[in-house]
Amino acid sequence: MSQRDEQVGEIRALSDVEAVRALTVLVEDRGLLSSAMEIALPDEELGDALKAAGVEPGGGEGEGDVARAALEYVALSGDGVVGEAVEYVRSPMERFDPVSVSVGVLAVTLLQTEVVVKRDARGRWSVTVHKRALKDAALAKVLTALLSHLTDGK
């Protein structure tokens, strides 16, 4: 089994709480947490923007599923920091990791090189997805899980 496969296995074994915390740690490690907090995009508007971008919901995923899909996506790109984030949230030390933004905003902030979220002059949000051939399936999994979470699979 390759190191990448092991990392994906570890991500899939995370509880929902651990997955969201690991995603938060990863976003924070990249210096993007303040950007995520500035977006303040309501889940309903993000769901509408994803639908308008052509994303179809899957089967009713929750926050943990969205976080795990985003972590897998980054891990498959070869980013070793994902492993550190997973290790951090599994460590027994006490810490305070408040999540003050939604998992949807965390996911699109992490994917900002792949997903661009904009607000127009009328206050409507739009999402543009930039696809790269090697990552299409993994990115589709993240966006499908996200839209399913935001729309309860509808």
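Student: Which residues of α7 meet E63, V66, A67, A70 and V74 in α5?

Tutor: The model is predicted: local features need pLDDT of at least 70, side-chain atom pairs count only at pLDDT 80 or more, and totals for chains, interfaces and linings use all residues. Residues are numbered from 1 along each chain as its sequence is written, and side-chain values use heavy atoms, with hydrogens and water left out. Contact means heavy atoms within 4.5 Å, and helices (H or I, at least four residues) and strands (E, at least two) are DSSP runs numbered from the N terminus. The α7 residues that meet this part of α5 are V103, A107 and L110.

Student: How are α5 and α7 oriented to each other?

Tutor: Axes are lines fitted to C-alpha atoms, for helices over the stretch in contact, and angles run from 0 to 180 degrees between N-to-C directions. The axes of α5 and α7 come within 10 Å and cross at roughly 10°. Angles under 35 degrees count as roughly parallel, over 145 as roughly antiparallel, 65 to 115 as roughly perpendicular and the rest as oblique, so α5 and α7 are roughly parallel.

Student: How many nonpolar residues does the contact of α5 with α7 have?

Tutor: Ala, Val, Leu, Ile, Met, Phe, Trp, Tyr, Cys and Pro count as nonpolar, Asp, Glu, Lys and Arg as charged, and the others, Gly among them, as polar. The contact has 1 charged residue and no polar ones. The number of nonpolar residues is 7.

Student: How many of the 8 residues of α7 are buried?

Tutor: Buried means under 20% relative accessible area, exposed over 50%, and partly exposed in between (1.4 Å probe, protein chains only). The buried residues of α7 are V103, G104, V105, L106, A107, V108, T109 and L110. Helix α7 is largely enclosed by the rest of the structure because its buried residues number 8 of 8.

Student: Is V66 buried or exposed?

Tutor: V66 lies in helix α5. Beyond four places in sequence, V66 is in contact with V103, A107, A145, L146 and H149; L146 is 80 residues away in sequence and 5.4 Å away in space, C-alpha to C-alpha. At 0% relative accessibility, V66 counts as buried.

Student: Which residues have the most contacts inside the largest nonpolar core?

Tutor: A nonpolar core is a set of buried Ala, Val, Leu, Ile, Met, Phe, Trp, Tyr and Cys residues joined through side-chain atoms within 4.5 Å. The largest one has 47 residues, and the elements that give it two or more include α2 (16-29), α4 (43-52), α5 (63-76), α7 (103-110), β2 (125-129) and α8 (136-151). The residues with the most contacts inside this core are L23, L46, L50 and V82.

Student: What does L23 touch, not counting residues up to four places away in sequence?

Tutor: L23 is one of the residues with the most contacts inside the largest core. Its partners beyond four places in sequence are A67, A70, L71, V103, L106, A107 and L110.

Student: How do α1 and α5 run relative to each other?

Tutor: R4, Q7, V8, I11 and R12 in α1 meet R68, L71, E72, A75 and L76 in α5, a contact of 5 nonpolar, 1 polar and 4 charged residues. The axes come within 9 Å and cross at roughly 170°. The two helices are therefore roughly antiparallel.

Student: What is the handedness of the crossing of α1 and α6?

Tutor: The axes of α1 (residues 3-12) and α6 come within 10 Å and cross at roughly 35°. Q7, E10 and I11 of α1 make the contact with V82, G83, V86 and R90 of α6. A crossing is left-handed if the near helix is turned anticlockwise from the far one by less than a right angle, and right-handed if clockwise. The crossing of α1 and α6 is left-handed.

Student: What is the relative accessibility of Q7?

Tutor: Q7 is in helix α1 and touches A75, D79, G80, V82 and G83, leaving aside residues up to four places away in sequence. Q7 counts as buried, with a relative accessibility of 14%.

Student: What is the relative accessible area of R90?

Tutor: R90 is found in helix α6. R90 and A19 are 71 residues apart in sequence and 9.9 Å apart in space, C-alpha to C-alpha. R90 is partly exposed, and its relative accessible area is 38%.

Student: Which pattern does the protein follow along the sequence?

Tutor: The secondary structure comes to 8 helices and 2 strands. Read along the sequence, the pattern is α-α-α-α-α-α-α-β-β-α.
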